[in-house]
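Please look over the notes below alongside the model.

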Amino acid sequence: MILAAASTFGSSPLWYLTRSTGIVSFLLMTVALAFGVASTQRSLATPRWPRFATQALHRNVSLLGMVLLVVHILTTILDSYVNVGLWALVVPGVSTYKTVPIALGTIAFDLLLVVTVTSMLRLRMSARLWRVVHWASYLAWPVALVHFLTTGTDAAHGRFGLWLALGATATVLAAGWVRLVSRNEAGPIKSVTRSVR
């Protein structure tokens with residue numbers, strides 16, 4: 001069985017790399033979105049887990065997700081099994097393979113690219129403009145979810161991709177609910193030092 005899987009992977013490594021990086025980048029995007037929501041709420045910070053730690057995790061998970069997303073896109077374009085085309089990287093609707101699902105992936109990537117670039121230039125732009133652009137990530141996630149559900153085979157017919165999508169949706173909804181019910185105010189500071197006897 002292992003040899004059969006290895007020979008299958010050897011015959012189409014780009015396809016497997018495209019699938020795996022697509023799945024992992026989508027899951028990382030989900031985690032990044034949840035951390036992003038959590039980092040906006042001052043009330044969720046504690047002395048043991050300060051807000052900047054959540055923000056740092058959000059930033060690093062987002063960057064790792066973007067790197068894997070770029071690998072996912074490049075391997076998709078390089079794989080000769082399907083004809084997606086180079087322009088599908090940035091222009092929605094030009095792929096001859098699954099035009100609408102691929103277009104959704106392109107839209108999600110374009111939105112995330114704008115969010116990533118503006119985040120790197122955050123100190124050179126107004127906080128208000130950065131915040132408005134950053135809201136695009138809330139649009140990118142559901143678009144990426146539909147792309148995830150409609151493009152690959154992992155979510156079809158109740159396979160594990162469907163369960164991953166359901167878990168990711170539950171995570172995002174839970175993060176949104178926490179944001180709605182929590183106050184954006186810093187809680188009382190409690191000392192974490194212990195008395196010495």
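The numbered points take the basis of the values, then the pocket, then the helix pairs.

1. The model is predicted, so to speak only for local features at pLDDT of at least 70 and for side-chain atom pairs at pLDDT 80 or more, while totals for chains, interfaces and linings use all residues. Residues are numbered from 1 along each chain as its sequence is written, and side-chain values use heavy atoms, with hydrogens and water left out.

2. The second largest pocket holds about 740 Å³ of space. A pocket here is an open set of points on a 1 Å grid over the protein atoms alone, where a 1.4 Å probe fits, with protein on both sides within 12 Å along at least five of seven lines. Its volume is the space filled by probe spheres set on the points, which are joined across faces, edges and corners.

3. The lining of this pocket (residues with an atom within 4 Å of a point) comprises 35 residues, and Thr18, His72, Thr76, His147 and Thr151 lie nearest the centre. By class there are 20 nonpolar, eleven polar and four charged residues. Nonpolar means Ala, Val, Leu, Ile, Met, Phe, Trp, Tyr, Cys and Pro; charged means Asp, Glu, Lys and Arg; the others, Gly among them, are polar.

4. At least two lining residues come from each of helix 2 (13–40), helix 3 (51–78), helix 4 (99–120) and helix 6 (136–151). Helix 2 gives the most, eight residues. Helices are DSSP runs of H or I with at least four residues, numbered from the N terminus.

5. Helix 4 and helix 6 have axes that come within 8 Å and cross at roughly 150°; axes are lines fitted to C-alpha atoms over the stretch in contact, and angles run from 0 to 180 degrees between N-to-C directions. The two helices are therefore roughly antiparallel (over 145 degrees; under 35 is roughly parallel). Their contact (heavy atoms within 4.5 Å) includes Leu104, Ala108 and Leu111 of helix 4 and Val143, His147 and Thr151 of helix 6. The contact residues divide into 14 nonpolar, five polar and no charged.

6. Helix 5 (residues 127–134) packs on helix 6 at about 10°, with the axes 5 Å apart, and the pair is therefore roughly parallel. Val132, Val133 and His134 of helix 5 meet Ala136, Ser137 and Tyr138 of helix 6. Four of these contact residues are nonpolar, two polar and none charged.

7. For helix 4 and helix 5, the axes come within 9 Å and cross at roughly 155°, which makes the pair roughly antiparallel. On the helix 4 side Val114, Val115, Thr118 and Ser119 take part, meeting Trp130, Val133 and His134 of helix 5.

Notes:
Angles under 35 degrees count as roughly parallel, over 145 as roughly antiparallel, 65 to 115 as roughly perpendicular and the rest as oblique.
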